[in-house]
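Consider the structure shown below.

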Amino acid sequence: MEQYKGRAIVQKIAAGRIWFYTKEEQSVKRYRVEDTEKEWKRYEAARDEAVRELNGLREKAVRELGEINAAIFEAHALMLEDRDYSDSVKNIIETQGVNAEYAVAATGDNFARMFSGMEDEYFRAKAADVQDISERVIGILSGRRKRKKMGKEPVIVVAEDLAPSETVQMDKSKVLGFVTRQGSSQSHTAILARTMNLPALIGVPVREEWDGKMAVLDGVNGLLYVDPDEETLKNMRKLQKEEQERIRLLTEYKDQETVTKSGRRVRLCANVGSVSDVAGALQNGAEGIGLFRSEYLFLEADHCPTEEEQFQTYRLAAEMMAGKPVVIRTIDIGADKRAPYMEGEPFHLEQETNPAMGLRGIRLSLKKEELFKTQLRAILRAGAYGEVSILYPLITSVEEFKRAKALLREVEEELADFGIPCGKVRQGVMIETPAAAVLSDLLAAEAEFFSIGTNDLSQYTMAVDRENPRTEEYFDSHHPALLRLIEYTVKNARAAGIPVGICGDLGSDESLTEFFVKVGVDELSVPPSRVLPLREKIRNID
């Protein structure tokens, strides 16, 4: 038996045979062509076919994985249609008089090197994307696109790395889990594993010779057992049965109150990115939507959503929750969250040296007042259909919050003048910068509630870019400085008599649940699948 350590993405266990995924070798030969115009047209035909394939993959991904996870294929199609990419291919064909396969391979390598050399992690990740689309076009041009198929039995997929187009084409009913050498906790494989709720390990020194061997993927302890002995198999199957029983028992908590044994009440809400996620929140017994990430409405579209489009989305969420609270975060666009159309009106997003600390969140909203007021109007109108609140992201000063509130008053008056129904919404501050936490006593005097965004608060407190796998070792979710800022914020919120919640990843961390309850957190907002496990945890706290 061999044992390997990796970084666990989803804490579940899987046992089955390994299916080693090998990329089709794309060895490209260079040869001269006489008719460069004919070669260019051959490339154009292959490119168009690749775009059609990507659009088909996007539709498949939407059905199986949702709009957010399908967006990568739209981005790949846009890359192929990018003029700079095509101009490079055309230039190599015409000036060197070479075949289209070679021109595409050279262009892919050049663009990948360019992206890999950038300091911004977001753009470095584009290197893999441009290689993926180049390989797709070369495969069409050369006709070499046969891949090894899965068998009839479910398998543990093992690979050096997996591109989005590769994972989406797999039969999900036959996947038990993923193991890769490359990738980070924010890679496509990791995101897919979370979406499918399957165990996954990254950073494992994989070998092709494992293909067909029996294995156990222990996502709880971050271990992969290859050719496990009978005792290991027995123990892992026992853990699997215990996990299945745990899931069955959790259904008993769906309609239970979230209250400790001593009577301390905690509201358990769900984080969502779209209306389709709201159904999952309801199915898992969420007591409200603690964080509606409105930016995904903008990221999934190919244009800036209109007031009416936004209103219909927010209204539907409010109606579906039937009186339960819905907290809508205003657009947190910028940094790694951007779409191609945002380079133009009304965003004009430019490349920034350090986008995580650039023009994003409330900063962008206050710079683009008409864009911001359009969203505020849509939220206020939706407020007439349920209990809706507004949450402002990346606040660093009291003045920023006051400016946002002043704009909301303007919008309320405009709607009243036109006789348009709207609701009275609460306004909250997202505490996700050390500045906001330190000023939480002053902000509490202005806000109606706090929501602590632990993802950004963690990276800003510890100076660790959460998108950069090279700095993961410096990230400590239990860092004393972070926990002190959280406790200080909660203390100031309670002193001012306003509720305070946690809406970041730490809200799901059961090792911190007792700490949150002890310091006085009123609400935890987590992924829908984490609501019931946390309810069980809280109900068993003394």
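**Salt bridges and the barrel**

Arg 494 counts as partly exposed, at 44% relative accessibility; here buried means under 20% relative accessible area, exposed over 50%, and partly exposed in between (1.4 Å probe, protein chains only). The model is predicted: local features need pLDDT of at least 70 and side-chain atom pairs pLDDT 80 or more, whereas totals for chains, interfaces and linings use all residues. Residues are numbered from 1 along each chain as its sequence is written, and side-chain values use heavy atoms, without hydrogens and water.

The whole structure holds 31 salt bridges. In one of them, Glu 101 and Arg 42 have their closest N and O atoms 2.7 Å apart. Because Glu 101 lies in helix H4 and Arg 42 in helix H1, this pair ties together parts that are 59 residues apart in sequence; helices (H or I, at least four residues) and strands (E, at least two) are DSSP runs, numbered from the N terminus. Glu 101 is buried at 10% relative accessibility, while Arg 42 is partly exposed at 28%.

Eight strands close into a barrel with parallel pairing, in the order S9-S10-S11-S12-S13-S14-S15-S16; two strands pair if DSSP finds at least two bridges between them. Strands S14 and S15 run parallel and are joined by three bridges. Ser 451 stands opposite Gly 501 in S15.

Conventions
Salt bridge = Lys/Arg side-chain N within 4 Å of Asp/Glu carboxyl O.
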